[in-house]
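Please keep the structure in view while reading.

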Amino acid sequence: MLSVALTGLVTGLSLIVAIGAQNAFVLRQGLTRRHVGLVVAICALSDALLITVGVSGVGSVVAGNPVLLTVLRWAGAAYLTAYGLRSMRDARRPQTLEAREAGPATRRQVALTALALTYLNPHVYLDTVLLLGSIGNQHGEVGRWWFAAGAVAGSVTWFTALGLGARAAAPALRRPGTWRVLDAVIGAVMVALAVGLVVG
């Protein structure tokens, strides 16, 4: 089951480690050292909640419904392939992750911004709830929870590293070359996971 947890860890990180508003906000708070712990906690706990909902909710729906499981498998494989190809495309013209804006200052403003960037992002439901839930349920009744644990561990690791290590990592995260490598690796992982879904 440790291999299933590792799959969850890698899959979760592959979906989280991408340039986006949420990551940029976590980085910005880390650079300015404004309520970093609060932001990391909100993002990590929200991911844990959404992953759990995906694994448990999707699991109860697909249990005893092999047709739906097959549909989800192929839909997930298609999405992973598209995601992987997009990451490989991005690796050819990399971006940078910077935190230019001053951003919210009060604890309440920071918390509300973190919550909005998490729950008002439609991709979080597709990636975290549906996709991770679908992949997790390919591992059976027990395996899906090991997969979820791995994905949660990946989320906690990433947000903690990004928030608390922002000052040290900022120079590297501002270099397009860093994101070229990350996007290429993410793309390869996504395509490999898609193949695994199809043949598994």
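Buried means under 20% relative accessible area, exposed over 50% and partly exposed in between, with a 1.4 Å probe and protein chains only. This is a predicted model, in which local features need pLDDT of at least 70 and side-chain atom pairs count only at pLDDT 80 or more, while totals for chains, interfaces and linings use all residues. Residues are numbered from 1 along each chain as its sequence is written, and side-chain values use heavy atoms, with hydrogens and water left out.

Q: How many helices and strands are there in the protein?
A: Helices (H or I, at least four residues) and strands (E, at least two) are DSSP runs, numbered from the N terminus. Along the sequence the pattern reads α-α-α-α-α-α-α-α-α. The count is nine helices and zero strands.

Q: Which residues of α2 are buried?
A: Ten of the twelve residues of α2 are buried, so this helix is largely enclosed by the rest of the structure. In the protein, buried residues make up 44% of the 200 residues. Those of α2 are Q22, N23, A24, F25, V26, L27, R28, Q29, G30 and L31.

Q: Are α2 and α7 oblique or parallel to each other?
A: Axes are lines fitted to C-alpha atoms, for helices over the stretch in contact, and angles run from 0 to 180 degrees between N-to-C directions. Angles under 35 degrees count as roughly parallel, over 145 as roughly antiparallel, 65 to 115 as roughly perpendicular and the rest as oblique. The axes of α2 (residues 21-32) and α7 (residues 140-164) come within 7 Å and cross at roughly 40 degrees. The two helices are therefore oblique.

Q: Which residues of α2 and α7 make the contact?
A: Contact means heavy atoms within 4.5 Å. From α7 come W158, F159, L162 and G163. From α2 come Q22, N23, V26, L27 and G30.

Q: Why do the buried residues of α5 line one face of the helix?
A: An α-helix has 3.6 residues a turn, so residues three or four places apart point the same way. In α5 (residues 107-119), the buried residues are V110, A111, A114 and T118. Seen down the axis, with directions taken from the helix axis to the C-beta atoms, these buried residues line one face because they fall within an arc of 100 degrees.

Q: What distance does α4 reach from its first C-alpha to its last?
A: The expected span of a helix is 1.5 Å times one less than its number of residues. Helix α4 (residues 66-92) has 27 residues, with 39 Å expected. The distance reached is close to that value, at 39 Å.
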